[in-house]
Amino acid sequence: MLRGDVFITIIGMAIVTYACRAGGYAVLRVVRPPPFIDAMLRNIPGPLFAAYVALALSNMGPDAWLSAVLVVLTQWKTGSLGLSIVVGVAAVAALRPLIGT
Amino acid sequence: MVFTAAGIRRGIKAAGPLMIGLAPFGLVVGVVSQGKGLSLVETLLMSGLVYAGSSQLLALELWDEPAPLLAACLAAFAVNIRMAPMGAALAPWFDKLRGWRLWGTLGTIVDHSFAMGVADIRAGGKDAGYLMGIGISLWCVWMLVAATGHILGGIVRLPPGHPLFFAATATFVALLVPLWRGVRRELLPWACAAVIAVVTMKLGLPQPVPLLAGALSGAALAAWRERRGA
């Protein structure tokens with residue numbers, strides 16, 4: 001099944017993403033962005049994911065907040081993304097009956 | 001600078017260990033995709049053409065009926081603009097390529113292949129095929145695990161709010177860890193991003209406004225502090 005609105009949205013995302021990948025090389029090779037914009041572009045990932053996580057966790061309860069802490073500890077100590085995700089999901093499953101909302 | 005089949009093969013071999021890190025991420029994208037009502041074809045189309053997990057997850061979080069064209073494109077831009085400087089950093093290779101080798105290889109850039117590519121350039125690597133080898137093998141694994149996640153999600157028929165969907169949030173929480181460069185550099189921008197995002201949401205503004213407001217204000221604060229040498 002392939003719906004029209006979904007198809008157009010995916011194509012839109014694909015064009016934007018390819019423009020980020022290839023356009024960066026094509027544009028940044030010839031023009032340097034102003035230093036402030038350059039610094040902002042380099043600093044987007046941290047604040048972006050921080051905002052995302054804050055929005056997601058603000059809609060969840062203490063079970064999710066505690067699980068997020070465990071995810072941070074796991075990622076920090078092991079460096080394994082896969083293990084961190086598993087720990088997070090397992091923690092929510094275990095904690096929700098106890099302290100979940 | 002060359003672009004050879006041997007280089008591509010070397011890239012494919014180098015991609016092996018990276019697949020282990022990619023697989024759970026792709027599974028999450030597949031499961032969440034299924035949970036948001038995307039068909040297998042739509043999931044594979046998105047994974048194949050967009051091929052950028054964080055932006056796919058973020059767009060899926062904002063997913064709606066009908067599909068949110070503007071929000072998804074903004075999410076893709078906000079997450080993927082970080083890849084723009086990567087192409088510029090790999091310019092020593094790209095400047096020597098033409099046609100499909102140039103524009104095709106650029107399309108396969110992901111965080112992992114960028115990191116390996118830069119390391120290879122610094123170590124004196126001269127074969128740009130290496131980058132495409134990594135990109136292509138990770139792309140194949142990506143399609144495979146996204147499809148697997150979608151099919152598993154369909155078999156198990158997870159209800160909304162099932163703990164497994166916390167995997168999407170957990171992925172981003174975990175991705176924050178390697179981005180942390182110390183309290184002095186990150187604490188204020190990240191806190192600013194989080195507070196602005198949540199306040200904007202509480203004010204009732206629709207997505208992706210809270211997300212972008214948070215991300216851009218945090219990035220602006222980080223840029224301002226960096227430039228005045230704080």
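**Ground rules.** I number residues from 1 along each chain as its sequence is written, and chains are lettered from A, ligands numbered from 1, in the order in which they are written. Because the model is predicted, local features need pLDDT of at least 70 and side-chain atom pairs count only at pLDDT 80 or more, while totals for chains, interfaces and linings use all residues; side-chain values use heavy atoms, with hydrogens and water left out.

**Entry 1: the interface.** I looked up which residues take part in the contact (heavy atoms within 4.5 Å). On the side of chain B, B:Glu42, B:Phe166 and B:Val173 supply 10% of the area buried against chain A, more than any other three residues.

**Entry 2: a salt bridge between chains.** I used the rule of a side-chain nitrogen of Lys or Arg within 4 Å of a carboxyl oxygen of Asp or Glu. The rule finds 6 salt bridges over all chains, and 2 salt bridges across the interface of chain B and chain A. I picked the pair of B:Glu65 and A:Arg3, whose closest N and O atoms are 3.9 Å apart. B:Glu65 is in the loop between helix 4 and helix 5 of chain B, and A:Arg3 is in the segment before helix 1 of chain A. Helices here are DSSP runs (H or I, at least four residues), numbered from the N terminus.

For accessibility, buried means under 20% relative accessible area, exposed over 50%, and partly exposed in between (1.4 Å probe, protein chains only). B:Glu65 counts as exposed because its relative accessibility is 59%, and A:Arg3 counts as partly exposed at 22%. A network of salt bridges links A:Arg3, B:Glu42 and B:Glu65.

**Entry 3: the cis bond.** The peptide bond that joins B:Glu65 and B:Pro66 is cis, with omega about 0°. I found B:Pro66 in the loop between helix 4 (53–61) and helix 5 (69–80) of chain B. Most peptide bonds are trans.

**Entry 4: B:Tyr51.** I noted that phi of B:Tyr51 is near 50°, a positive value in a residue other than glycine. B:Tyr51 sits in the loop between helix 3 (40–49) and helix 4 of chain B. Its relative accessibility is 4%, so B:Tyr51 counts as buried. B:Leu138 touches B:Tyr51, among others.

**Entry 5: helix 8 of chain B.** In helix 8 (residues 99–107) the buried residues are B:Leu102, B:Thr105, B:Leu106 and B:Gly107. What covers them includes helix 1 (4–28) of chain A, along with helix 6 (84–89), helix 7 (91–94) and helix 10 (129–156) of chain B. I checked B:Thr105, which counts as buried because its relative accessibility is 0%. Leaving out residues up to four places away in sequence, B:Thr105 touches B:Phe3, B:Phe94, B:Leu97, B:Trp100, B:Leu131 and B:Met132.

**Entry 6: a salt bridge within chain B.** B:Glu226 and B:Arg185 form a salt bridge, with the closest N and O atoms 4.0 Å apart. B:Glu226 lies in helix 13 (residues 209–227) and B:Arg185 in helix 12 (residues 183–202), so the pair ties together parts of chain B that are 41 residues apart in sequence.

Conventions. Buried area is the accessible area (1.4 Å probe) that two parts lose on being put together, summed over both. Helices (H or I, at least four residues) and strands (E, at least two) are DSSP runs, numbered from the N terminus.
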